[in-house]
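Colleague: Can you take me through this one? I'd like to start with the interface.

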Amino acid sequence: MSEITRSKATGERAQKVQGKTAPPADDIDLDAYTSVAEEHPYQEDPSRLPPQAKERILESGVTLDNLAQRSGTFLQIDHSVIHSKAQQGGLEVMSSLEALEKYPWLSDYWWQAVSADADKFTAEAERNQHHGYFIRSLPGTKAIQPVQACLYLAQHGLAQNVHNVIIAEEDSELHIITGCATAKMEREGLHIGISEFYVKKGAKVTFTMIHNWAPKMAVRPRSGIIIEEGSVFLSNYVCLKPVRTLQMYPTARCVGENALVRFNSVLVAAPGTTMDVGSRAILGARGSRAEIVSRVITTGGSIIARGHLVGQVADVKGHLECRGLILSEKGTIHAIPELEGLVEGVDLSHEAAVGKIAEEEIEYLMARGLSRDEAVAVIVRGFLSVDIEGLPPELSAQMQRAIDMSEQELL
Amino acid sequence: MLEVEDLTVEVGGREIIHDVSFNIDIGETLALFGPNGSGKTTLLMAIMGFPRYEVTRGRILFNREDITHLPVDERSRMGIGILFQRPPVVRGVKMREMVRACLGGREDGAVIEQLAQQANMVELLDREVNYGFSGGEVKRSELLQLIAQSPEFVLLDEPDSGVDLVNISLVGEMINDLLQKDRMRNRTSSGLIITHTGHILDYVSVDRACVLLNGGIWCRGNPREILTSIKSHGYEGCAVCQK
């Protein structure tokens, strides 16, 4: 498909849905945000960014100082790509718009895992894209360190619409940590993030996304993942900081036999935060498996925690687990697990629990000498620490650091 | 070390323990026998200070200090520890974190590993507290936490229940360790062991025993003699025996 026909086709489809909202989270007026951004110069050395920006970026799990800790870097501020580089052979890291120009074949992937006409946000990103990253591991490449990507919003009132494409070619291994952050807590803005993942035969992708937004931010990620035969996709999503409204429902499609997908989400909703977050796995090939685990805490905000497993063929297995803690009188959690078995021979299950911390558990820890507050902190920390199999130790440590930093504020 | 004076305890408005008095000296271990429902666990919980167990009369002294109305964590920090018969599962919290908390939060991985090794529990360190534990694992986990906590006085609620023969000897060893049973002199740890069956007494020596019936102490005396009598006549025998 040529680029011109692609643009026309998706553009027309997208145009049809320009007014279409994404229920049930509160609607967002796209016109309330500007799409005119100040240009930021390219930085050869991202460690030279102002300390304040580096600190906010670090809080979202991305370390800019130590090159040895990453196999590639992508850094975007507002609408400007200020750094992109692959540090390991066999990896490609660049702006997705640049990649689209460089590789005509990329149009075969463009808007294939996420539909451009899904809602007004996808339509807006199609119509008005401001870069985003392209990350690709070539066949057989095994990235040891993660590629670090950061999408940073510095300008007040800005809409940042990024479109990311991630391709793990056959038998390759790719680890990505994406941190999304704003410059200052009072920043208002809209972030629309389209992410399309293609995990080819025998490949493995771990994708860790840490959101570090601000109380007035509206965030609409739209992700789709295509997982081929014998390949693995592990997603870890962490959002512990206040955000005005966040809605996402990434959808993974297991299209090859024995494909594996696992979604872990850790969310904390402070007062004023509305989150509608879920993960969906469509098991469309024999032997494919999915696990969706979410841990959500409200300290006064409202959370809808969704999960959806679809068994389309026999001999597939999926499990969905959602646990929610309400740590405030005003917070709400609405867990909506869905299991959809379309044929005989699917094995789908779920468990969900929402409530407060059991008094018995607090007292148990107090009997070991912890004060009530310390006991609650230990239980909450345990609650938030989701065991993640398959993450490289450095990435695991980075994610834990980000959680620890947020926990101190939470508790 | 521990003095319980005329203690009366209510749970949910219902009086379970009536005017119970006893004391335990430094280095001494007392066994508390009694049938199911006699109030043994209630008595222990009240001594530990859990809010559901309300002391309506009497008092509890620990090292001569009145602790009757102190919260559970303060009692713990003063040196009282408890082995729960059925501890709760704490999802997400790893045994390693729990042991670290018992050590007072000190970040000493080597000490945790060493203690776990002694308890034959290294493989449990990365498991969630009490989640999917067998009966023996629950007791060993409780004892590992207590050994890390190193209390002066321990309340042991049925340490032998649900424990198989392989585990009970290890449980006995850990209790002996906790109660410094290897020392013939200058023992500073004391304990109160609840046992329904008395099995643990094959592994742990105790100095004195009491029988609790219907929320009151029925008799006191030599642990072996009392146990032999219970084994022969059951607790029904205690009921017909005069106080």
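Colleague: How many residues of chain A are in contact with chain B, and how many of chain B?

Modeller: 20 residues of chain A touch 28 of chain B, contact being heavy atoms within 4.5 Å. This is a predicted model, where local features need pLDDT of at least 70, side-chain atom pairs count only at pLDDT 80 or more, and totals for chains, interfaces and linings use all residues. Residues are numbered from 1 along each chain as its sequence is written, chains are lettered from A and ligands numbered from 1 in the order written, and side-chain values use heavy atoms, without hydrogens and water.

Colleague: What area do chain A and chain B bury between them?

Modeller: About 1900 Å², 58% of it on carbon and sulfur atoms; buried area is the accessible area (1.4 Å probe) that two parts lose on being put together, summed over both. On the chain A side, A:Tyr364, A:Ala367 and A:Arg368 lose the most, together 38% of what that side buries.

Colleague: Which side chains meet in a salt bridge?

Modeller: B:Glu142 and A:Arg368, at 2.8 Å, N to O. The rule (a side-chain nitrogen of Lys or Arg within 4 Å of a carboxyl oxygen of Asp or Glu) finds one salt bridge across this interface.

Colleague: Which element of chain A gives the most to the side that touches chain B?

Modeller: H5(A), with six residues. Strand E18 (316-326), helix H5 (359-366) and helix H6 (372-384) of chain A each supply at least two; helices (H or I, at least four residues) and strands (E, at least two) are DSSP runs, numbered from the N terminus.

Colleague: Changing topic, what pLDDT does chain A average?

Modeller: 89, with 90% of the residues scoring at least 70; pLDDT is the predictor's confidence in each residue, from 0 to 100. Over residues 1-5 of chain A the pLDDT is below 50. Where pLDDT is low, the predicted coordinates should not be read in detail.
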